Amino acid sequence: MIFLPKSQPAPISLEKEKKKVSGKYNLNDVLERLNTDFKNKCYICETKEPTSINVEHFKPHKENIDLKFDWNNLFFCCGHCNNTKLAKPEFDNILNCTESNNVEIKIKYHINPYPKEKANFLALENKDEINNTVKLLDQVYNGTTVLKLLESSNMRNNLLKEIIEFQNFLIKYADEEEFEEKEKFKKAIIKHLKPSSSFTAFKRWIIRNNDFFNNKFAEYTI
């Protein structure tokens, strides 16, 4: 989970649909804006180009018409994460990645680059919204039910592929002496650290945890 600010003002359709008896909050202009704002990835797990996309209410609307059509309450989420988040009432109080530009440094992300490893998350402040987010991330990436265990295992496989590719670029950058080749690897690393990259939070924590790379790439982890 990284900082992904919402564009303003709200899509035109929301105000119009709000006045209807059976108005919809997921029309084309909403979907297109959410896709752009969230870089075409789920805001919770950061899976890029998810095949199952939900327009999620960050705060459950519970038939509250204002929350239902509130642009700031609509998020781009994959089906796996949305279903996991819906299961627990404490997940109604988690970090809002559209409001805080330091959301990702409140939780430490880690996974070892080996098959079948679990993802690990550590709250860096003792606050309910942070602890709840850690719990949600753990269930999203490591699973709960048999079905969710399968889904999260597939997610981790994709995560590990990204991490291994990223670490290979880091190794090549550190070992390369020829300037042009080193610059090529530097560009590849920076691309992986951009908000539009898959699983960006994990990659940025790899940089933060290494003095050499943090000295070189800290500006791209913000």
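Tyr141 is buried, with a relative accessible area of 0%; buried here means under 20% relative accessible area, exposed means over 50%, and partly exposed lies in between (1.4 Å probe, protein chains only). This is a predicted model, in which local features need pLDDT of at least 70 and side-chain atom pairs count only at pLDDT 80 or more, while totals for chains, interfaces and linings use all residues. Residues are numbered from 1 along each chain as its sequence is written, and side-chain values use heavy atoms, with hydrogens and water left out.

**Aromatic pairs**

A search of the whole structure turns up 14 aromatic pairs. Rings of Phe, Tyr and Trp (its six-membered ring) pair if their centres lie within 6.5 Å; planes under 30 degrees apart count as stacked, over 60 as edge-to-face and the rest as tilted.

| Pair | Geometry | Centre to centre | Between the planes |
|---|---|---|---|
| Phe121 and Phe202 | edge-to-face | 5.8 Å | 70° |
| Tyr141 and Phe202 | edge-to-face | 5.2 Å | 75° |

Phe121 lies in strand β4 (residues 120-123) and Phe202 in helix α8 (residues 200-208), so their pair ties together parts that are 81 residues apart in sequence. Tyr141 belongs to helix α5, so its pairing with Phe202 of helix α8 links parts that are 61 residues apart in sequence. Helices (H or I, at least four residues) and strands (E, at least two) are DSSP runs, numbered from the N terminus. Phe202 is buried at 3% relative accessible area, and Phe121 is buried at 13%.

Elsewhere, Phe38, Tyr43, Phe58 and Phe75 form one aromatic cluster.

**Another residue of helix α5**

Asn132 also has its place in helix α5 (residues 128-142). Asn132 is buried, with a relative accessible area of 15%. Leaving aside neighbours within four places in sequence, Asn132 is in contact (heavy atoms within 4.5 Å) with Glu90, Phe91, Asn93 and Ile94.

**Helices α6 and α7**

Helix α6 (residues 146-175) and helix α7 (residues 179-193) pack at an angle of about 150°, with their axes 9 Å apart. Axes are lines fitted to C-alpha atoms, for helices over the stretch in contact, and angles run from 0 to 180 degrees between N-to-C directions. Among the residues making this contact are Phe166, Phe169 and Tyr173 of α6, and Lys182, Phe185 and Ile189 of α7.

Lys182 lies over the face of Tyr173, at 4.4 Å from the ring centre. A charge sits over a ring if NZ of Lys or CZ of Arg is within 6 Å of the ring centre and within 35 degrees of the ring normal.
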